[in-house]
Amino acid sequence: MAQQQTAPSPAELEFGGPLGTAALLLLLPLTLFHLLLTCHSGPCSLLSLPPELPPLSAFWSSGALLLLLFWLGFQATLYLLPMGQVTEGRMLRDKSHLQYPLNGFRCLGLTALLVGLGLAGGLPLGNLSEMLLPLASAATVTAFFLSLFLYLKSFTVPPSALAPGGNSGNPVYDFFLGRELNPRFGSFDLKYFCELRPGLMGWALINLALLLREAERQRGWPSLAMGLVSAFQFIYVADALWYEEAVLTTIDIIHDGFGFMLAFGDLVWVPFIYSLQAQFLLNHPQALDLPVAGAICLLKVIGYVIFRGANSQKNTFRRNPSDPSVAGLETIPTATGRHLLVSGWWGLVRHPNYLGDLIMALAWSLPCGVTHLLPYFYFFYFVILLVHREYRDERQCLQKYGLAWREYCRRVPYRIVPYIY
């Protein structure tokens with residue numbers, strides 16, 4: 001028999017409840033287009049509108065919509081290819097386990113191969129840099145209709161298939177957060193697919209298009225600043241897909257429903273906002289000295305070592321606590337039978353992976369110089385995002401682990417930045 005699930009109380013609603021999520025439904029697309037327009041304007045002032053707005057026709061084209069749908073279909077086809085291993089996700093409330101294909105890195109390799117062949121054959125990928133506005137519009141419309149479809153679909157599944165927090169009974173709130181935890185068609189998992197595939201690889205593809213366009217303008221090689229930003233962010237994308245299995249233990253997969261929040265974030269925000277530094281550099285070139293570039297690379301390496309070290313340590317411990325690399329770490333037992341790491345990276349701060357993420361975000365922005373605030377939007381946004389996510393993590397861990405979590409917080413008092421926060 002399917003488990004019944006009670007709706008969350010008003011005190012448990014997130015993002016400001018129905019009013020807050022209604023505001024976000026409007027503010028997120030407005031912020032997206034404000035940033036895109038500002039980034040391509042002369043003054044490039046984050047706090048004011050561009051002096052000239054393009055005509056409405058610049059925001060839409062059928063060609064951009066077809067290109068986006070082709071990209072989604074292409075990535076979906078690669079997702080379904082029988083390559084790589086298949087793994088089980090966390091146990092669900094009905095005691096079942098879903099199966100997930102771990103072929104993301106192979107899909108990235110195939111995508112890179114086909115793009116490379118296309119470039120060798122004369123594919124004008126640089127033209128993509130002039131299509132960002134209509135592509136962003138098409139992606140926004142797609143995310144909205146996908147979210148609407150997911151919301152309606154969620155009423156056809158049993159209560160045990162609903163997400164813990166997306167079934168308040170308020171249509172706006174539930175549309176935003178998502179009611180169904182793991183919407184699927186057969187073995188095709190819509191949330192898992194969108195989480196790492198089309199948006200993340202689309203981000204790398206947009207960066208490549210911007211780099212090629214800059215190289216064309218300079219009649220040679222792209223700038224050092226553009227090269228660093230593109231390389232740093234491609235490494236991040238490749239790392240996420242190489243360690244694809246780790247996403248199965250994130251709050252997005254195990255707790256959040258699939259609604260507008262994740263659909264817009266995965267398909268729109270990631271490719272078009274995360275590429276802001278490269279967009280900025282195309283329109284506002286920056287000179288970068290080798291010593292400064294070396295220092296920025298060192299900062300990136302430090303951030304990556306913390307980020308990857310912390311995540312790998314956590315994932316190894318979850319899979320096999322007896323693994324020699326984690327067997328000697330100190331832990332705190334919990335009433336659930338699980339143990340909390342209280343040494344290694346997780347004895348430094350409670351969320352060392354977030355610390356590494358923030359350091360890398362700063363390294364992505366520094367090649368853009370210090371004359372404009374806009375390239376640092378991603379860093380400041382990420383601070384807010386990770387602090388909010390840390391708050392959600394802490395609340396869920398306290399509910400789950402109780403006294404053991406309080407003991408962990410006493411032993412590890414700093415949340416993200418040692419001695420600061």
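In this predicted model, Cys107 is buried, with a relative accessible area of 0%, where buried denotes under 20% relative accessible area, exposed over 50%, and partly exposed the range in between, as computed with a 1.4 Å probe on protein chains only. Cys107 is placed in helix H3, helices being DSSP runs of H or I with at least four residues and strands runs of E with at least two, numbered from the N terminus. The C-alpha atom of Cys107 is separated by 9.8 Å from that of Ala76, the two residues being 31 residues apart along the chain. The model is a predicted one, in which local features need pLDDT of at least 70 and side-chain atom pairs count only at pLDDT 80 or more, whereas totals for chains, interfaces and linings use all residues. Residues are numbered from 1 along each chain as its sequence is written, and side-chain values use heavy atoms, with hydrogens and water left out.

Phe272 is likewise assigned to a helix, namely H10, and is buried with a relative accessible area of 4%. Between Phe272 and Ala139 the sequence separation is 133 residues, while the C-alpha to C-alpha distance is 9.6 Å.

Positive phi values occur in residues other than glycine, including Phe15, for which phi is near 55 degrees, and Cys44, for which phi is about 50 degrees. Phe15 belongs to the segment before helix H1 (17–39) and is partly exposed, its relative accessible area being 24%. Cys44, by contrast, is buried with a relative accessible area of 2%, and it is located in the loop between H1 and H2.

Aromatic pairs were defined by ring centres within 6.5 Å for Phe, Tyr and Trp (the six-membered ring of the last), with planes under 30 degrees apart counted as stacked, over 60 as edge-to-face and the rest as tilted. By this rule the count comes to 34 aromatic pairs. One of these is formed by Tyr378 and Phe382, a stacked pair with 4.9 Å from centre to centre and 20 degrees between the planes. Tyr378 and Phe382 are separated by about one helical turn because they are four residues apart in helix H14 (residues 377–401), and both residues are buried. In the pair formed by Trp405 and Tyr408, the ring centres are 5.1 Å apart and the planes stand at 45 degrees, so this pair is tilted. Trp405 and Tyr408 are three residues apart, about one turn, within helix H15 (residues 403–411). Trp405 is buried with a relative accessible area of 7%, and Tyr408 is buried with a value of 2%.

Charged side chains are also found over aromatic rings, the criterion being that NZ of Lys or CZ of Arg is within 6 Å of the ring centre and within 35 degrees of the ring normal. Lys153 lies over the face of Phe185, at 5.8 Å from the ring centre, and the charged end of Arg308 sits over the ring of Tyr243, 3.7 Å from its centre.

An unreviewed UniProt entry places the feature "transmembrane region" at residues 57–81, 102–125, 131–152, 220–238, 258–276, 288–307 and 358–387; such annotations may be inferred rather than shown by experiment. In the model, residues 258–276 are 79% helix and 0% strand, with end C-alpha atoms 25 Å apart. Residues 288–307 are 90% helix and 0% strand, and their end C-alpha atoms are 26 Å apart.

Grid points were joined across faces, edges and corners, and a volume is the space filled by probe spheres set on the points. The whole structure contains one cavity of 30 Å³ or more, and the largest cavity has a volume of about 40 Å³. Among the residues lining the largest cavity are Glu14, His255 and Asp256. The lining of the largest cavity comprises two nonpolar, five polar and two charged residues, with Ala, Val, Leu, Ile, Met, Phe, Trp, Tyr, Cys and Pro counted as nonpolar, Asp, Glu, Lys and Arg as charged, and the others, Gly among them, as polar.

The second largest pocket holds about 550 Å³ of space. Of the 23 residues that line this pocket, Leu67, Trp71, Leu125, Leu128 and Leu205 are the closest to its centre. H2 gives the most to the lining of the second largest pocket, with six residues. By class, this lining has 20 nonpolar, three polar and no charged residues.

Technical notes. 1 Å grid on protein atoms, 1.4 Å probe; cavity = no way out; pocket = protein on both sides within 12 Å on 5 of 7 lines; lining within 4 Å.
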